[in-house]
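Keep the structure open as you go.

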Amino acid sequence: MRTINISLPDPLKTFVDQQVAERGYAGVSEYVSELIEKDLAVQRLRGLLLEGARSAPMGVVDATYFAELRARVRCRDVTG
């Protein structure tokens with residue numbers, strides 16, 4: 001695992017320390033790691049949404065579509 005050092009203004013440092021204490025993090029590193037992981041997830045989701053927006057339109061998305069999608073997922077879970 002690599003180490004980085006960051007400098008924060010006093011109000012931000014106080015905020016981080018409060019979050020660590022109030023939310024049960026093991027330390028500042030765990031808190032910052034979680035923030036970065038959440039940002040990565042947001043970036044991935046944004047990319048998927050943009051990819052979907054650029055894709056060609058598909059058929060109707062209704063209750064039947066979702067029922068068939070659930071059935072495919074269940075089948076995949078059973079077959080591995």
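Is tyrosine 65 buried, partly exposed or exposed? With a relative accessible area of 23%, tyrosine 65 is partly exposed; buried means under 20% relative accessible area, exposed over 50%, and partly exposed in between (1.4 Å probe, protein chains only).

## About the model

This is a predicted model, in which local features need pLDDT of at least 70, side-chain atom pairs count only at pLDDT 80 or more, and totals for chains, interfaces and linings use all residues. Residues are numbered from 1 along each chain as its sequence is written, and side-chain values use heavy atoms, with hydrogens and water left out.

The average pLDDT of the protein is 94, and 96% of the residues score at least 70. Here pLDDT is the predictor's confidence in each residue, from 0 to 100.

## Overall layout

You will find three helices and zero strands in the protein, in the pattern α-α-α along the sequence. Helices (H or I, at least four residues) and strands (E, at least two) are DSSP runs, numbered from the N terminus.

The protein has a radius of gyration of 21 Å, whereas a compact globule of 80 residues would have one near 12 Å. That radius is taken over C-alpha atoms, and the globule rule is 2.2 Å times the number of residues to the power 0.38. Along the principal axes, the C-alpha trace spans about 55 × 30 × 25 Å. Of the 80 residues, 8% are buried.

## Where H1 meets H2

How do H1 and helix H2 (residues 28-54) cross, and what is the angle? Their axes come within 9 Å and cross at roughly 95 degrees, which makes H1 roughly perpendicular to H2. The axes are lines fitted to C-alpha atoms, for helices over the stretch in contact, and angles run from 0 to 180 degrees between N-to-C directions. Angles under 35 degrees count as roughly parallel, over 145 as roughly antiparallel, 65 to 115 as roughly perpendicular and the rest as oblique.

On the H1 side, Phe15, Val16, Asp17, Gln19, Val20 and Arg23 meet Val28, Tyr31, Glu34 and Lys38 of H2, contact meaning heavy atoms within 4.5 Å. Five of the residues in this contact are nonpolar, one is polar and four are charged. In this scheme Ala, Val, Leu, Ile, Met, Phe, Trp, Tyr, Cys and Pro count as nonpolar, Asp, Glu, Lys and Arg as charged, and the others, Gly among them, as polar.

## Two buried residues

Glutamine 19 lies in helix H1 and counts as buried because its relative accessibility is 11%. Leaving aside neighbours within four places in sequence, glutamine 19 is in contact with Gly24, Tyr25 and Tyr31.

Tyrosine 25 sits in the loop between H1 and H2. Tyrosine 25 is buried, with a relative accessible area of 12%. Not counting residues up to four places away in sequence, tyrosine 25 touches Gln19, Val20, Glu30, Tyr31 and Glu34.

## Over in H3

Back to tyrosine 65, which lies in helix H3. Leaving aside neighbours within four places in sequence, tyrosine 65 is in contact with Met58 and Val60.

Phenylalanine 66 also lies in helix H3 and, at 40% relative accessibility, counts as partly exposed.
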